[in-house]
Amino acid sequence: MITVSKTESKDLKALSTFLQPYKMDESLFMDRLDETMIICDGTEVLGFGAFVLKEHVGMIDLALIGNEMLWPSLGDGLVKAMLNTLDLRGASKAYMLTDPEHSKHVEKIGLSKSDEAADSILEKLNAPWLLKSQSLVYETKLPDFFDHACHSKK
């Protein structure tokens, strides 16, 4: 059964294995597990995401899906789970950083391209450690995002 949940200590070994092909420094996430989520099939990690929240502004800075063919469905679920968590934690606006390759997926999820630059948002969030390699910024208002039954049907 596939599940999306907050990352816990018991997931760290499988997460480390999942992140190896991405050559990511897992220490970027280990001290903020409360701001990360994983998609698992049993004990196998299929996807990983990270977000940050400062005051009422949230940002999804990472959404990785191990099998690119699964991005449309698993990526949708992961992003919506992180948006839901940000909403429950009091965010009124959420941003997502992405690359041009995944921009169509992000638009289908229901986020809109933002006029704000990534550096400006990172400064707002006081989060200089976030991934700056993602050049496109998308945004949505919360909880308005959830007023529509299913964005991915567009």
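Welcome! By the rule used here (a side-chain nitrogen of Lys or Arg within 4 Å of a carboxyl oxygen of Asp or Glu), the count comes to eight salt bridges. This is a predicted model, in which local features need pLDDT of at least 70, side-chain atom pairs count only at pLDDT 80 or more, and totals for chains, interfaces and linings use all residues. Residues are numbered from 1 along each chain as its sequence is written, and side-chain values use heavy atoms, with hydrogens and water left out.

**Salt bridges**

- Side chains of opposite charge can pair when their charged atoms come close.
- D11 and K10 are joined by a salt bridge, with 3.2 Å from N to O. D11 is buried, because its relative accessibility is 8%, while K10 counts as exposed at 66%. (Buried means under 20% relative accessible area, exposed over 50% and partly exposed in between, with a 1.4 Å probe and protein chains only.)
- E35 and R32 also meet through their side chains, at 3.3 Å from N to O. Here E35 is buried at 18% relative accessible area, and R32 is buried at 8% relative accessibility.
- K104 pairs with E107, and their closest N and O atoms are 3.9 Å apart. Both residues lie in helix α4, three residues apart, which is about one turn of the helix. (Helices, H or I with at least four residues, and strands, E with at least two, are DSSP runs numbered from the N terminus.) K104 counts as exposed at 57% relative accessibility, and E107 as partly exposed at 33%.
- K6, D34 and R89 are linked in a network of salt bridges.

**Nonpolar cores**

- The largest nonpolar core has 26 residues, and I60, V79, L86, M96 and L111 touch the most other members. (Such a core is a set of buried Ala, Val, Leu, Ile, Met, Phe, Trp, Tyr and Cys residues joined through side-chain atoms within 4.5 Å.)
- Two or more residues of this core come from each of β2 (36-41), β3 (44-54), β4 (57-65), α3 (71-88), β5 (93-98), α4 (103-109) and β7 (136-141). Helix α3 gives the largest share, eight residues.
- Which residues is V79 in contact with, leaving aside its neighbours within four places in sequence? They are I60, A63, W71, M96, I109 and L111. (Contact means heavy atoms within 4.5 Å.)
- A second, separate core holds twelve residues, including F18, I38, L62 and L64.

**Aromatic pairs**

- A search of the whole structure finds three aromatic pairs. (Rings of Phe, Tyr and Trp, the last by its six-membered ring, pair if their centres lie within 6.5 Å; planes under 30 degrees apart count as stacked, over 60 as edge-to-face and the rest as tilted.)
- One of them joins F18 and Y22, which form a tilted pair because their planes are at 45°, with the ring centres 5.6 Å apart. F18 is buried, with a relative accessible area of 10%, whereas Y22 counts as partly exposed at 31% relative accessibility.
- F145 and F146 have ring centres 5.0 Å apart and planes at 85°, so this pair is edge-to-face. F145 is buried at 3% relative accessible area, and F146 is partly exposed at 33%.
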